[in-house]
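Take a first walk through this protein with the model in view.

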Amino acid sequence: MNAAIPQSGSAKRGRKFDSLEQEVFLNLWRTYDRLKALEDEMFSQSGISAQQYNTLRLLRSVYPEGMPTLVLGGRLISRAPDMTRLLDKLEQRGLLVRHRPPENRRVVEVRLTPEGLQLVNKLDSAVRKCHEQQLGHLDAKSLQQLATLLKAARQPHEDSENLSLVDQ
């Protein structure tokens with residue numbers, strides 16, 4: 001005869017997840033998916049992706065100067081497997097220009113155009129509103145704790161020679 005035995009939290013967790021690490025990872029993944037959907041909706045209205053916005057924002061940080069593509073790629077929040085295609089699309093829209101400095105023809109430098117600067121400045125307010133929609137229900141202390149935990153989680157896996165914007 002099998003009597004019902006109350007299970008502890010970890011025993012219940014065991015049925016859904018192989019480990020606590022897996023539970024946390026799947027929670028991160030689900031959270032990213034939910035928050036990303038809000039971001040995708042906001043960026044679709046401007047005709048650019050979050051990755052393209054991040055590229056323009058990084059270039060604004062050095063405007064009117066340019067940035068080598070290798071440095072730009074290293075500073076993006078998420079990896080861009082096809083950086084050339086990403087830059088091609090932004091260049092075709094007149095939002096950035098590329099050139100090879102005569103002193104070093106191996107380097108390709110990317111520079112924001114006035115139109116690119118105008119677009120990224122125009123999107124700032126919408127991006128702030130999106131972040132408020134995504135995380136505004138959390139208080140400042142919770143947000144700081146979350147940021148600290150996320151940094152600690154990825155720190156052993158970061159390239160210390162090429163930190164992204166959030167880790168500098």
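Two residues are in contact here when heavy atoms of theirs lie within 4.5 Å. Keep that cut-off in mind throughout. The model is a predicted one.

Start with Phe43. Setting aside neighbours within four places in sequence, Phe43 is in contact with Ile48, Ser49, Ala50, Tyr53, Leu123 and Val127.

Now move to Tyr53, one of those partners. Tyr53 sits in helix α3. Residues up to four places away in sequence are again not counted: Tyr53 touches Phe43, Ile48, Val120, Leu123, Asp124 and Val127. Tyr53 and Leu123 are 70 residues apart along the chain, yet their C-alpha atoms are separated by 8.5 Å. Is Tyr53 buried or exposed? Tyr53 has a relative accessible area of 7%, so it counts as buried, the limit being under 20%.

Next, widen the view to the core. The largest nonpolar core has 25 residues. Phe43, Ile48, Tyr53, Leu56, Leu59, Leu72 and Leu123 have the most contacts inside this core. Two or more core residues come from each of α2 (20-44), α3 (50-60), α5 (83-92), β3 (109-112) and α6 (114-135). Helix α6 gives the most, with six residues. In soluble globular proteins, nonpolar side chains tend to be buried together.

Finally, step back to the whole protein. There are seven helices and three strands. From the N terminus, their order is α-α-α-β-α-α-β-β-α-α. Of the 168 residues, 26% are buried. Among contacts between residues at least 6 apart in sequence, 52% join residues at least 24 apart. The protein exposes about 12100 Å², and carbon and sulfur atoms supply 53% of that area.

Conventions
Residues numbered from 1 in each chain as written. Predicted model: local features only at pLDDT ≥ 70, side-chain atom pairs only at ≥ 80, totals over all residues. Heavy atoms only, no water. Core = buried A, V, L, I, M, F, W, Y, C linked by side-chain atoms within 4.5 Å. Buried < 20%, exposed > 50% of the residue type's maximum accessible area, 1.4 Å probe, protein only. Helix = DSSP H or I, 4+ residues; strand = E, 2+ residues; numbered from the N terminus. Areas by Shrake-Rupley, 256 points an atom, 1.4 Å probe, with all protein chains shown as cover.
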